[in-house]
Amino acid sequence: MKHSRQNPHRVPFWLRWLVPAVLVVAWLAIAGIGGPTFGRLSEVSSNDQASFLPAGAEATEAQDWQAKFRDSKEIPAVIVIESDSAFTPAQLGEAAAIKGKLEELKAGSSVIGPIPSKDAKAVQFVVPIASSDEVKNVIKEVRDEVKASAPEGMRTFVTGPAGLTADLVSAFGGIDGILLLVALGAVFVILLVVYRSLLLPIAVLFTSVFALCAAILLVFGMAKLGWIQLNGQSQGILSILVIGAATDYALLYVARFREALTHTTNRTAAALTAWKAAWEPILASGATVIIALLCLLFSDLNSNKALGPVAAAGILCSLFAALTLLPAMMALLGRTAFWPFRPKLLPEEEREPEFVTGLEGQRGLWRATGTLVSRRPRTVWVASVLLLVVAAAGVLQLKANGVPQTAVILSASNAVDGQKALARHFDAGSGSPAVIVTDQAKAQDVLAKTKDTDGVGDAYLVADSGAPVIPGAPGAATKPAVRDGRVLINATLNDAADSNEAENVVVQLRTELKTIDSGALVGGVTATALDTNTTAQRDLVTIIPVVLAVILVILMLLLRSILAPVLLVASVVLSYGAAMGVSAVVFNHIFGFPGADATVPLFGFVFLVALGVDYNIFLMSRVREESIKHGTRPGILRGLGVTGGVITSAGVVLAATFAALGVIPIMFLVQLAFIVAFGVLLDTVLVRSLLVPALAYDIGPRIWWPGKLGRPDADAAGRELPAAPEPETAEAGIR
């Protein structure tokens with residue numbers, strides 16, 4: 001039996017069936033172990049804001065000292081019972097009886113209260129919650145008890161740090177199910193439209209889901225060993241990033257596999273040919289994102305530092321799934337994967353045509369785009385740059401210096417409503433005092449200075465029992481608690497603990513108290529938020545240059561050029577600026593957000609720049625491949641045409657998956673979802689489709705400087721090209 005010219009050597013059985021089958025079974029085993037682990041991530045996840053701080057932050061040092069004054073890690077819950085009119089003596093008696101019922105719950109140490117408000121329309125209790133691990137369940141019990149025991153017709157709230165943490169945990173609850181279903185559903189619909197096949201989208205989704213299972217298993221292990229600190233934000237981003245990245249890599253491989261099937265009837269040979277063509281850009285793309293994410297390890301903020309390895313682990317698993325599981329499935333399925341629109345074998349003379357303009361064989365949208373780029377390259381790239389610059393001007397409206405914790409949760413929140421009730425009747429900072437650690441010998445001076453500070457409603461030394469020190473009062477604590485020569489002062493602020501005004505008071509306290517005691521520390525909820533924002537802004541300045549330098553080096557190694565990588569990085573940075581500018585306008589004037597989390601610009605930068613470079617890697621690696629065969633300018637048009645559909649599809653998929661983050665009612669995730677989704681679409685449609693090809697076409701062979709392709713005598717594009725033909729109008733759309 002003669003073998004066809006397309007397959008001169010018979011592929012051995014072990015390569016045709018055994019290796020693909022073993023790879024699929026191995027990934028099934030990984031998914032079988034990693035899938036059930038998804039529901040256990042909450043065991044190793046924490047949403048405590050203080051735990052995100054760097055070790056050197058003053059709030060962290062104050063927190064460490066504060067722990068020496070108490071036996072457990074307690075966070076306060078503030079109970080507010082509110083009435084439209086003044087409490088009667090009978091109602092005050094009913095409210096006072098709640099204290100005993102709260103103590104019976106054994107949620108924490110002794111309950112403080114009831115404390116009546118000056119207008120007599122509200123009372124409050126402070127309940128230290130013993131453990132933040134089960135805070136959601138404990139707060140639910142407290143809320144149920146207070147609601148059942150409060151005088152009839154009164155409104156009840158459980159707020160403070162514990163109440164807000166519980167509502168934050170509830171808001172993150174959709175990450176385990178809703179987010180994943182929305183993301184996978186969006187990807188499946190897009191893949192159905194792109195491939196017009198049922199089997200292939202399922203194979204690609206299997207690749208993404210199995211990659212996510214592997215990533216979850218890896219992240220769970222790292223968190224369990226204490227190597228990383230996982231939180232709800234990282235968990236949500238992990239799911240989205242893995243699904244989006246794995247699907248993108250799969251789209252690139254499938255495109256090369258489909259192309260290979262037009263050259264051979266042997267499915268194994270096609271799978272191997274596609275793998276050889278796709279592994280370098282996929283590996284370069286994955287390595288770029290992984291290294292960019294690992295640059296977050298340079299962050300001083302623990303939440304940023306934690307996201308780096310978590311997200312990098314996700315990309316690593318996506319990379320391996322796209323280069324092992326998907327090729328194995330394609331090798332087993334062959335043309336059947338594309339049913340009912342199976343790729344046809346091309347006649348031999350059509351497989352490696354000689355390109356003159358680079359537009360030969362192209363149709364529809366990408367032929368029209370290539371024609372525009374070749375006829376008016378300078379006009380196209382200059383207009384694109386101007387459009388991006390105008391959009392980037394909106395970044396001047398960005399208010400990324402943090403938002404009140406009460407604004408973080410976008411859904412209904414009893415704790416947020418409670419903070420408003422607290423502010424109506426008490427000092428707004430009640431239940432979340434500023435915590436001052438000072439030398440015992442200077443305690444009275446520090447206390448006096450604290451009380452005299454504008455914005456401080458009250459301040460007192462803390463006794464061993466946790467109660468205020470009241471010298472000379474019968475039955476009251478008369479001596480402060482002392483640990484290693486230091487004492488603790490609680491200062492109740494006039495403004496809400498999560499407000500900008502309260503942060504300004506903390507800054508003032510830190511400045512003025514150090515004139516009395518240079519070792520004085522100011523911590524607490526407000527100080528934690530202040531230090532988080534300050535550190536996040538410092539990280540932005542530190543990490544951005546590192547990420548850009550790393551990406552630039554990788555692109556230079558991949559493209560064997562200096563000029564092209566510099567221009568590619570510049571285009572992506574400009575695209576990032578435009579995305580942030582448009583986002584700022586949308587946040588301020590459409591969504592009506594009070595501002596943005598201080599970490600939003602950094603996360604937006606890391607994802608947009610790394611992922612934006614991804615698409616340029618897909619494009620320019622193919623352009624370089626085609627340039628070697630046909631010359632730079634024909635290679636640019638050929639590369640644009642053959643990658644246009646797959647890269648645009650990949651961009652739409654990634655934008656859709658990140659947009660799915662918007663279903664979680666957390667401001668940070670909603671903002672990140674919009675920034676990345678809009679930025680990816682902008683980069684895909686404008687930067688990669690018009691700006692980069694037009695700029696490269698205008699520069700010509702010099703784009704590869706100082707590599708061999710940059711020499712005019714080594715490039716067919718140095719010759720005069722015939723005019724590009726008019727675009728065909730009979731067909732349109734992505735091909």
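Modeller: A charge sits over a ring if NZ of Lys or CZ of Arg is within 6 Å of the ring centre and within 35 degrees of the ring normal. The model is predicted: local features need pLDDT of at least 70, side-chain atom pairs count only at pLDDT 80 or more, and totals for chains, interfaces and linings use all residues. Residues are numbered from 1 along each chain as its sequence is written, and side-chain values use heavy atoms, without hydrogens and water.

Colleague: Over the face of which residue does Arg 633 lie?

Modeller: The distance from Arg 633 to the ring centre is 5.6 Å. The ring belongs to Tyr 697.

Colleague: How many aromatic pairs does the structure hold?

Modeller: Rings of Phe, Tyr and Trp (its six-membered ring) pair if their centres lie within 6.5 Å. By this criterion, the number of aromatic pairs is 14.

Colleague: Are the rings of Tyr 253 and Phe 257 stacked or tilted?

Modeller: Planes under 30 degrees apart count as stacked, over 60 as edge-to-face and the rest as tilted. The centres of Tyr 253 and Phe 257 are 6.2 Å apart and their planes are at 10°, so the pair is stacked.

Colleague: Which class describes the pair of Phe 587 and Phe 593?

Modeller: Phe 587 has a relative accessible area of 2% and is buried (under 20%; exposed is over 50%, partly exposed in between, with a 1.4 Å probe and protein chains only). Phe 593, at 11%, is also buried. Their ring centres are 5.8 Å apart with planes at 50°, so the pair is tilted.
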